Protein chains: 2
Amino acid sequence: MRRPRSASLEPLAGVELDRLDLDLGERSYPILIGPGLLGSSDSYAGLPRSRMAAIVSNETVAPLYARALADALAARHERVVQIVLPDGEAYKDWHTLDRIFDALLAEGCDRQTVLYALGGGVVGDMTGFAAACYMRGVPFVQVPTTLLAQVDSSVGGKTAINHPRGKNMIGAFYQPRLVVCDLDVLDTLPERELSAGLAEVIKYGPIADPSFLDWIEANIVALRTRDKAALAHAVRRSCEIKAWVVGQDERESGLRAILNFGHTFGHAIEAGLGYGQWLHGEAVGCGMVMASELSARLGLMPASFVERMRRLVERSGLPVTGPALGAQRYLDLMRVDKKNEGGEIRFVVIEALGRAALRPAPDALVAEVIEACTA
Amino acid sequence: MRRPRSASLEPLAGVELDRLDLDLGERSYPILIGPGLLGSSDSYAGLPRSRMAAIVSNETVAPLYARALADALAARHERVVQIVLPDGEAYKDWHTLDRIFDALLAEGCDRQTVLYALGGGVVGDMTGFAAACYMRGVPFVQVPTTLLAQVDSSVGGKTAINHPRGKNMIGAFYQPRLVVCDLDVLDTLPERELSAGLAEVIKYGPIADPSFLDWIEANIVALRTRDKAALAHAVRRSCEIKAWVVGQDERESGLRAILNFGHTFGHAIEAGLGYGQWLHGEAVGCGMVMASELSARLGLMPASFVERMRRLVERSGLPVTGPALGAQRYLDLMRVDKKNEGGEIRFVVIEALGRAALRPAPDALVAEVIEACTA
């Protein structure tokens, strides 16, 4: 398995505009990373021009950045509609999605209309899915405003809404035309959201790049205190690994599943507590500890790896102990997961530092993991 | 513009199994046409095997054919779930779509599950869209049981649901793995549905094949009395033309729009009266007369062409006079159409027999057409 070119282990000395390309043939697109990008019209050069555009955001982010984005787009589109959704995972459902469709139709948006997702993972997933379905598909752009969205959810074209019976069960693989990661927007991010984003940054270490894991451990304080150069490196390296994985397996027929490290346990926590109680990144952080524990109990990794992961997740400001839902409830919730096949739960486990695999595990062993890792 | 190979002008002497291929690279698939196909396990050879499958049908069709289909699939899937929807265009909405998702999740259907759409255009469009979205995409098969679905909607991967503000506004381009057109199921089709299907058969003449138009005129009685050989030829030639168009323009960036001849006026009729009052094919039949009238008033075609189309639509058992919604209401309804660009309504018009084009027309001229063609 060829890895993407190795990243520098030092944070960049200065922060400059960086550009990656996700290579998917005719669906390829650039990922821009740097300060001051959101409000610069240059960032959007190369996109299709159209009469109409719509900025989809939420009530928290829109007041901060929608105006700057609309101004930057003024030269590209005659009219830029704003669609503001309620904030939170609890609203990632059909009802809220239909508010997007309804607004687009009410405003007379045609099949050339470009949608701009301005927000975190929920806004990005919903706007992407709306773009996939509106008139059978319109172009869209990701302008992620959380660390989590910048390092993970805005890249790779996974879009979805939740169903009462399971997270992200209804959706599409639908690629954006462009991803704009403006590092300046991380300044306004609440601390809890920053930590949640770090969970997805950490993920890339054990599944793909041991030296990146070393780097995160060495720079976790710089990251939590929002050192721009450290954040720039974390976003860049995360997007690089994600682009490399997605470029090989766009529709998750194999390799791409490793990006779900920690997510099987994490989704059970989110669904079990009710969406929105824990942030997605918080559930993934705790889920990674549980998946590391499972890897150890399967004899793949030493106990010291579990401790290392637990310590790093904790230092990131994330929970390391799962809620006490009971092992059976966890198992029931995990049985509804897109990675499963033939009724068998499949987990992303670490086989060696930097190498992950998808495999089943006996219910009894999983129950032991849950007992060991929940309050 | 290269045409598909010319079809015989005579009905086939005997009716045999026929196979066409829709060429879309890795998304290519066969279209099987013939008697006795639905209940034969041979028809489904070559599909992915999976533990679970779901037959999605409606309360009219399921009692007639679901059992035979399930039996034919028994060797391919461990468990075949049946999902029965209410019958009719009025149910082609999110609420009914969610019944499919809910049943699939309740039954523990995984990402390998194959969906079989058993029914007419509504069942096919909804099942296809459900397949496109369920866990971000599962394989599906079209088993169309109406003439309209066999000659048009089951082929080409257009899937959608209606939105209160417009028909087929929410959907996806998502190709089936196989289309099975069993001619025997047309025996149980109500006369009104048979006529509705003939509208889409007739369509292919003026837009692509003048000799097919001649053939339909010569065989309209045989078609309405369900002569198997005549139906076989009509289905075969219709699918052939549709496959040829879709093969060149899967996502309707140009040519494919000609398949919407009669549909702009038709959709306005359906939406204006409320979905389900007129059958889709009835609205398209009347819409073709109106689009022919528009072609004449634009100076593209002689008045004799309009009379020819009106006569053929009438002989097919279809309405040729639109409901009196008022010209303004028609125009308002047609302004919400996926073919439109920059707020301008675009119509499929006939430029010469066998050649169609997409173009705008002045509101005043369109209003004249509406006045001339409505009660």
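**Figure 1. Burial and overall fold of chain A in the predicted model.** Of the 375 residues that make up chain A, 56% count as buried in this predicted structure. Twelve helices and eleven strands form the secondary structure of chain A. The radius of gyration of chain A, 20 Å, is close to the 21 Å given by the globule rule for 375 residues, so chain A is as compact as a globular protein of that length. The C-alpha trace of chain A extends over about 60 × 45 × 35 Å along its principal axes. Among contacts in chain A with a separation of 6 or more, 75% join residues 24 or more positions apart.

Figure 2. The mean pLDDT of chain A is 94, and 96% of its residues reach 70 or more. For the complex, the predictor reports an ipTM of 0.92 together with a pTM of 0.93.

**Figure 3. The two assigned domains of chain A.** The domain assignment divides chain A into domain 1 (18-188) and domain 2 (191-373). A distance of 25 Å separates the C-alpha centres of domain 1 and domain 2 of chain A.

**Figure 4. Contact between domain 1 and domain 2 of chain A.** In chain A, 30 residues of domain 1 are in contact with 31 residues of domain 2. On the domain 1 side, strand E1 (18-22), strand E2 (29-34), helix H4 (147-153) and E8 of chain A each contribute at least two residues. H4(A) provides the largest share of this side, five residues. The residues of domain 1 of chain A that touch domain 2 of chain A comprise 15 nonpolar, eight polar and seven charged.

**Figure 5. The side of chain A that touches chain B.** The contact between the chains involves 32 residues from chain A and 31 residues from chain B. Four elements of chain A each supply at least two residues of the side that touches chain B: helix H2 (94-106), helix H3 (121-133), strand E7 (158-163) and strand E8 (166-173). With six residues, E8(A) gives the largest share of the side of chain A that touches chain B. By residue class, this side of chain A consists of 13 nonpolar, nine polar and ten charged residues.

Definitions and conventions: Residues numbered from 1 in each chain as written. Chains lettered and ligands numbered in written order. Predicted model: local features only at pLDDT ≥ 70, side-chain atom pairs only at ≥ 80, totals over all residues. Contact = placed C-beta atoms within 7 Å. Nonpolar A, V, L, I, M, F, W, Y, C, P; charged D, E, K, R; others polar. Rg over C-alpha atoms; globule rule 2.2 N^0.38 Å. Buried ≥ 20, exposed ≤ 12 C-beta atoms within 10 Å, placed from the backbone. pLDDT = per-residue confidence, 0-100. Domains from an automatic or database assignment.
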